[in-house]
Amino acid sequence: MTKSSETAYDLVVFGATSFVGQILTRYLLETYGVGQSVKWAIAGRSESKLNTLKGELGSKAKDLPVILADASDEAALKAMCEQTRVIISTVGPYALYGEPLVQACVRSGTDYCDLTGEVQWIRKMVERYEEEAKSSGARIVHCCGFDSIPSDMGVWFLQNQAEQTFGAPCRDVRMRVKTAKGEFSGGTVASLMNAVKEAAADPKLRKQMANPFSICPPDHRSKTRQPSLKGAEYDKTFNAWLAPFVMAAINTRVVHRSNALQNARYGKEFTYDEAMMTGRGTKGRLAAYAVTGGLGAFLMASAVKPTRWLVEKFVPKPGEGPSPEAQKAGFYDLRFVGRTEDGKTIITKVTGDQDPGYGSTGKMLGEAGMCLAFDIPADQPGGFWTPSSLLDGKLMDRLTSKAGLTFEVLETR
């Protein structure tokens with residue numbers, strides 16, 4: 001069953017006054033206008049804040065519809081879902097505020113996407129609502145920001161190229177952050193700290209979060225040990241020192257779920273990991289140790305109450321972020337190296353043209369929502385999907401033509 005196309009809106013942005021919500025709203029306004037080919041609205045709990053946002057957006061936004069709904073108001077969320085085919089949510093941390101909207105979308109057959117990176121919450125939502133989503137036809141797609149579209153679509157692109165070039169997918173893929181300029185969003189930091197706090201209080205949850213297949217269907221497992229960088233290490237392929245990448249814990253899980261949802265297209269013994277390059281020589285080695293130590297200290301301090309308040313004092317708060325100029329000055333360059341079972345190698349590159357956590361995330365999230373609204377066949381089953389497993393090449397076309405991403409093959413051998 002799929003929702004009728006006769007709804008008032010194609011798409012609703014829920015949480016439009018949040019920091020990323022404002023970026024997303026501005027992007028949709030500048031790209032698609034109001035009252036043209038796309039029928040869309042903004043939503044949130046505060047009418048005054050929504051109207052202030054419209055005022056800041058200028059005359060183009062004067063006819064932009066507004067829907068009032070609080071994240072905890074079941075009736076208001078249900079009414080919002082009844083008016084649209086797709087909802088994009090920026091209201092996090094999702095583990096604290098996200099479930100009522102997911103439930104409302106699932107029960108009303110409304111498609112949904114967000115920018116969560118909270119693997120423990122995704123697992124909970126899948127366990128609670130996947131069968132109901134399959135029944136109602138709701139397509140739920142988490143992780144449509146910097147975590148995890150560049151990683152998930154990057155692996156999807158590499159595997160497509162490997163199949164075309166070598167006739168087989170790569171059994172092993174590694175992603176390396178070559179360079180990135182930008183700031184962590186306050187929402188991302190809050191979500192990360194909440195996940196650390198939950199894990200510190202629950203040994204069972206810690207075990208779940210350590211499992212690379214934690215959000216895969218129960219029957220999707222591998223006998224091959226998954227790589228996971230814990231400290232400084234030298235990478236011969238890129239001739240650079242590596243340090244752990246903070247987003248690897250969510251991105252790797254999403255990539256494995258994508259593989260599972262595509263019937264183990266990458267192989268049942270597929271391995272994947274992520275790390276960040278810190279440079280060459282002594283300078284790169286020292287930087288790798290510094291990043292490793294800094295990340296470990298942050299996670300340790302976030303896990304215990306006496307030091308958590310100190311971390312919270314110095315990190316960005318939800319709703320805070322860089323200026324539009326700083327967002328546009330940001331960028332990222334990710335490198336992927338894949339190897340087939342018989343030793344063939346492919347190296348690819350994914351880039352984004354703005355700050356990963358803000359400007360680029362806003363554009364990726366917007367195009368994921370547009371892809372859900374206009375590009376996915378009505379008979380595509382409901383359930384909990386990943387960006388690449390549901391949106392695939394249709395999303396890639398949008399990312400490259402509108403959202404400032406590039407996907408490129410650098411080398412095959």
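**View 1. Lys344 counts as partly exposed, at 32% relative accessibility.** Here, buried means under 20% relative accessible area, exposed means over 50%, and partly exposed is in between (1.4 Å probe, protein chains only). The model is predicted: local features need pLDDT of at least 70, side-chain atom pairs count only at pLDDT 80 or more, and totals for chains, interfaces and linings use all residues. Residues are numbered from 1 along each chain as its sequence is written, and side-chain values use heavy atoms, with hydrogens and water left out. Lys344 forms a salt bridge with Asp342. A salt bridge is a side-chain nitrogen of Lys or Arg within 4 Å of a carboxyl oxygen of Asp or Glu. In this pair, the closest N and O atoms are 2.9 Å apart. Asp342 counts as exposed, at 54% relative accessibility.

**View 2. Lys394 and Asp392 form a salt bridge.** Their closest N and O atoms are 3.1 Å apart. Lys394 is partly exposed, with a relative accessible area of 28%. Asp392 also counts as partly exposed, at 21%. Elsewhere, salt bridges that share partners join Asp172, Arg174, Arg176, Asp235 and Asp273 into one network.

**View 3. A salt bridge pairs Glu132 with Arg107.** Side chains of opposite charge can pair when their charged atoms come close. A search of the whole structure finds 22 salt bridges. In the one between Glu132 and Arg107, N and O are 3.1 Å apart. Glu132 lies in helix α6 (residues 119-136) and Arg107 in helix α5 (residues 99-108), so the pair ties together parts that are 25 residues apart in sequence. Helices (H or I, at least four residues) and strands (E, at least two) are DSSP runs, numbered from the N terminus. Arg107 is exposed, with a relative accessible area of 51%. Glu132 is partly exposed, at 30%.

**View 4. Helix α2 spans residues 47-57.** Which of its residues are buried? They are Leu50, Leu53, Lys54 and Leu57. Seen down the axis of α2, these residues fall within an arc of 100°, so they line one face of the helix. The arc is that of the directions from the helix axis to the C-beta atoms. On the other side of α2, Ser48, Lys49, Gly55 and Glu56 are exposed. The cover over the buried residues includes α1 (19-32), β2 (40-44) and β3 (66-68). Gly58 follows α2, and its phi is positive, near 90°.

**View 5. Ile87 sits in strand β4 (residues 84-89).** Is Ile87 buried or exposed? Its relative accessible area is 0%, so Ile87 is buried. Contact means heavy atoms within 4.5 Å. Leaving aside neighbours within four places in sequence, the contacts of Ile87 include Val12, Phe14, Leu101 and Tyr112. Cysteines are also among them: Cys81, Cys105 and Cys113. Ser323 is 236 residues from Ile87 in sequence and 26 Å from Ile87 in space, C-alpha to C-alpha.

**View 6. An annotated region covers residues 12-141.** The UniProt annotation, from an unreviewed entry, reads "domain: Saccharopine dehydrogenase NADP binding". UniProt positions are given in the numbering used here, feature names are shortened, and annotations may be inferred rather than shown by experiment. Over residues 12-141, the chain is 51% helix and 18% strand. The end C-alpha atoms of this stretch are 15 Å apart.

**View 7. Ser148 lies in the loop between β6 (139-141) and α7 (149-166).** Ser148 counts as buried, at 0% relative accessibility. Not counting residues up to four places away in sequence, Ser148 touches Cys143, Met153, Ile250, Asn251 and Val254.

**View 8. Domain 1 meets domain 2.** Domain 1 takes in 9-143 + 360-403, and domain 2 takes in 148-358 + 407-412. These bounds come from an automatic or database domain assignment. The domain centres, taken over C-alpha atoms, are separated by 24 Å. The contact takes 34 residues from domain 1 and 38 residues from domain 2. About 3100 Å² is buried between the two domains, and carbon and sulfur atoms give 65% of that area. Buried area is the accessible area (1.4 Å probe) that two parts lose on being put together, summed over both. How many salt bridges does the rule find across the interface of domain 1 and domain 2? The rule finds two.

**View 9. Asp353 and Lys363 meet in a salt bridge.** The link runs between their side chains, at 2.8 Å from N to O.
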